[in-house]
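Please read this report with the structure open beside it.

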Amino acid sequence: MTGRLTTHVTPSFEAYRAVVAGVFLPLDLSSSAPESFRGVVRAVTVDDVHVSDLHGGRHVVERTPRHAAHDDLASFKLSLMVAGTSLLVQDGREALLRPGDLAVYDTRRPYTLEFDQEFRSLVVMFPQSRIELPAGMVRQLTAVRLGGDTGVGAIVAPFLGHLCDHMEQLERAPGTQLSHSALDLVSTMFATELGHSLRRDPHEELLEHIRAYIEERLGSTDLTPASIAAAHFISTRHLHALFHDTGTTVAAWIRQRRLERCRRDLITPRLADAPVSVLAARWGFVDAAHFSRAFKAEFGMPPREYRAAH
């Protein structure tokens, strides 16, 4: 779904706080200089991806344990500092962010953002299921400065910066594809950062190879725990143990990734005339009724209704 870009010019801190409360999840905002605070919030939602351009003065944003405990939608927020500085605190880590820096934080756990001067920031909030990496791995990057001047960050930061300057493009026909491209880049950046910053044990390395193997063969009806285990010269018991340690199962991981691919296809303009059953079969769902039930369970509505709504 491509939403309408809204712009809110807030003449007071109370007005800014009210707008932010409507754009994001519940948060506590405070300011040491509320009488002089002025702000601007531009926001648009594209296919469950919320993009916000925020401009304001000194204040503190807090996601409290009470807020996090009542969060039914697991989301990540990716922040790009455009101007000014901020301090992000989560999971016992702190990241001082300057213009061009990126950082990710998890809405299901408490965090604090402190802005000590006038700032501008782009925030992209998206369901954790929208990227290929397990949430448990991404959480190792929360409140870690991701430089926008080196590595994959040097590609992601300019891309998001251009989105910030041209957010009107997100409410037009290319908006869905732009949001997909943004999340693909973000996923690549996270994977690269994790590979560079973590010394993984052989089990983690193996699991990464297995996930890549699954991703390349999602459309195959022969993709089973037995075939995956055989391809990696391990027992099915070992395979199930690897996924169990991440809080999921092999079958659940395959189903979730297939459903996500189907969801993307259903809202892709060039596939608008393709029958739902064809798109489902493309990603390994040979039983149309089973696919419809699984899709509704995952996304809240049957595939045809989801396509019509988006």
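Contact here means heavy atoms within 4.5 Å. Helices (H or I, at least four residues) and strands (E, at least two) are DSSP runs, numbered from the N terminus. This is a predicted model, in which local features need pLDDT of at least 70 and side-chain atom pairs count only at pLDDT 80 or more, while totals for chains, interfaces and linings use all residues. Residues are numbered from 1 along each chain as its sequence is written, and side-chain values use heavy atoms, with hydrogens and water left out.

**Helix H1**

The cover over the buried residues of H1 includes strand S1 (6-10), strand S2 (28-30), strand S3 (39-46), strand S4 (49-56), strand S5 (59-63) and strand S11 (119-127). Buried means under 20% relative accessible area, exposed over 50%, and partly exposed in between (1.4 Å probe, protein chains only). In helix H1 (residues 13-23), the buried residues are Phe-13, Tyr-16, Val-19, Val-20 and Val-23. They lie on the same side of H1 because they cover an arc of only 125 degrees around the axis; the arc is that of the directions from the helix axis to the C-beta atoms. Ala-18 and Gly-22, on the other side of H1, are exposed.

Axes are lines fitted to C-alpha atoms, for helices over the stretch in contact, and angles run from 0 to 180 degrees between N-to-C directions. Angles under 35 degrees count as roughly parallel, over 145 as roughly antiparallel, 65 to 115 as roughly perpendicular and the rest as oblique.

The axes of helix H6 (residues 202-216) and helix H9 (residues 250-266) cross at roughly 45 degrees and come within 10 Å. H6 is therefore oblique to H9. In this contact, Arg-211, Ile-214 and Glu-215 of H6 meet Trp-253, Ile-254, Arg-257 and Arg-261 of H9. The residues of the contact of H6 with H9 divide into 3 nonpolar, no polar and 4 charged. For these classes, Ala, Val, Leu, Ile, Met, Phe, Trp, Tyr, Cys and Pro count as nonpolar, Asp, Glu, Lys and Arg as charged, and the others, Gly among them, as polar.

With H8, the axis of H6 crosses at roughly 100 degrees, and the two axes come within 11 Å. H6 is therefore roughly perpendicular to H8. Here His-203, Leu-206, Leu-207, Ile-210 and Ile-214 of H6 meet His-238, Leu-239, Leu-242 and Phe-243 of H8. The contact of H6 with H8 has 7 nonpolar residues, 2 polar and no charged.

**Single residues**

Relative accessible areas for some residues are listed here.

| Residue | Relative accessible area | Class |
|---|---|---|
| Gly-148 | 17% | buried |
| Ala-143 | 2% | buried |
| Phe-233 | 79% | exposed |
| His-67 | 8% | buried |

Most residues other than glycine have a negative phi. Ala-143, however, has a positive phi near 55 degrees, and Phe-233 has a positive phi of about 60 degrees. Ala-143 lies in the loop between H3 and H4, and Phe-233 in the loop between helix H7 (225-231) and helix H8 (236-244).

Gly-148 is in the loop between helix H3 (135-138) and helix H4 (153-165). Leaving aside neighbours within four places in sequence, Gly-148 is in contact with Gly-100, Asp-101, Leu-102, Gly-153, Ala-154 and Ala-157.

His-67 belongs to helix H2 (residues 65-69). Not counting residues up to four places away in sequence, His-67 touches Pro-26, Leu-27, Asp-28 and Glu-62.
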